[in-house]
Amino acid sequence: MESNRVSLPNAAKELGMSQQALREHMKRKIIDIGYVIPSTRGDRKNYLIYRDKLDKYMGKA
């Protein structure tokens with residue numbers, strides 16, 4: 001089964017938190033809904049959020 005990705009802004013909206021709060025929660029492994037991938041450019045990070053993990057975290061699956 002292929003997991004569908006969710007954008008960080010949409011995931012933050014569904015969770016009722018700011019995008020920055022979601023970034024911090026993912027970096028600190030408080031919320032496990034995907035992966036934080038270091039970028040090849042500086043301190044930037046990429047956030048891969050998966051629909052099935054988000055739904056499970058929210059109790060929908």
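In the predicted model described here, Y35 stands opposite L48 in β3, and this pairing belongs to strand β2 (residues 34–38), which pairs with β3 in the antiparallel sense over 5 bridges. Two strands are taken to pair if DSSP finds at least two bridges between them, while the elements themselves are DSSP runs numbered from the N terminus, helices being H or I runs of at least four residues and strands being E runs of at least two. Residues are numbered from 1 along each chain as its sequence is written, and side-chain values use heavy atoms, with hydrogens and water left out. Since the model is predicted, local features need pLDDT of at least 70 and side-chain atom pairs count only at pLDDT 80 or more, whereas totals for chains, interfaces and linings use all residues.

The sheet is open and is formed by 3 strands in the order β1-β3-β2, with antiparallel pairing. Its edge strands are β1 and β2, each of which pairs on one side only. Between β1 and β3, which run antiparallel, there are 2 bridges, and in this part of the sheet V6 stands opposite I49 in β3. Helix α2 lies across β2 and β3 and runs at about 90 degrees to β3, where axes are lines fitted to C-alpha atoms, for helices over the stretch in contact, and angles run from 0 to 180 degrees between N-to-C directions.

Helix α1 (residues 8–15) has as its buried residues L8, A11, A12 and L15; buried means under 20% relative accessible area, exposed means over 50%, and partly exposed lies in between, as found with a 1.4 Å probe on protein chains only. Seen down the axis of α1, these buried residues fall within an arc of 100 degrees, so they line one face of the helix, the arc being that of the directions from the helix axis to the C-beta atoms. The buried residues of α1 pack against β1 (5–6), α2 (19–27), β3 (45–50) and α3 (51–57), with contact defined as heavy atoms within 4.5 Å. Just after α1, G16 takes a positive phi of about 70 degrees.

The structure holds 5 salt bridges, each defined as a side-chain nitrogen of Lys or Arg within 4 Å of a carboxyl oxygen of Asp or Glu. One of them joins E14 to R51, with the closest N and O atoms 2.7 Å apart; this pair links distant parts of the chain, as E14 lies in helix α1 and R51 in helix α3, 37 residues apart. E14 is partly exposed, with a relative accessible area of 31%, and R51 also counts as partly exposed, at 24% relative accessibility. R51 forms a salt bridge with D55 as well, the closest N and O atoms being 2.9 Å apart, and these two residues both lie in helix α3, 4 residues apart, about one turn of the helix. D55 counts as buried, at 17% relative accessibility.
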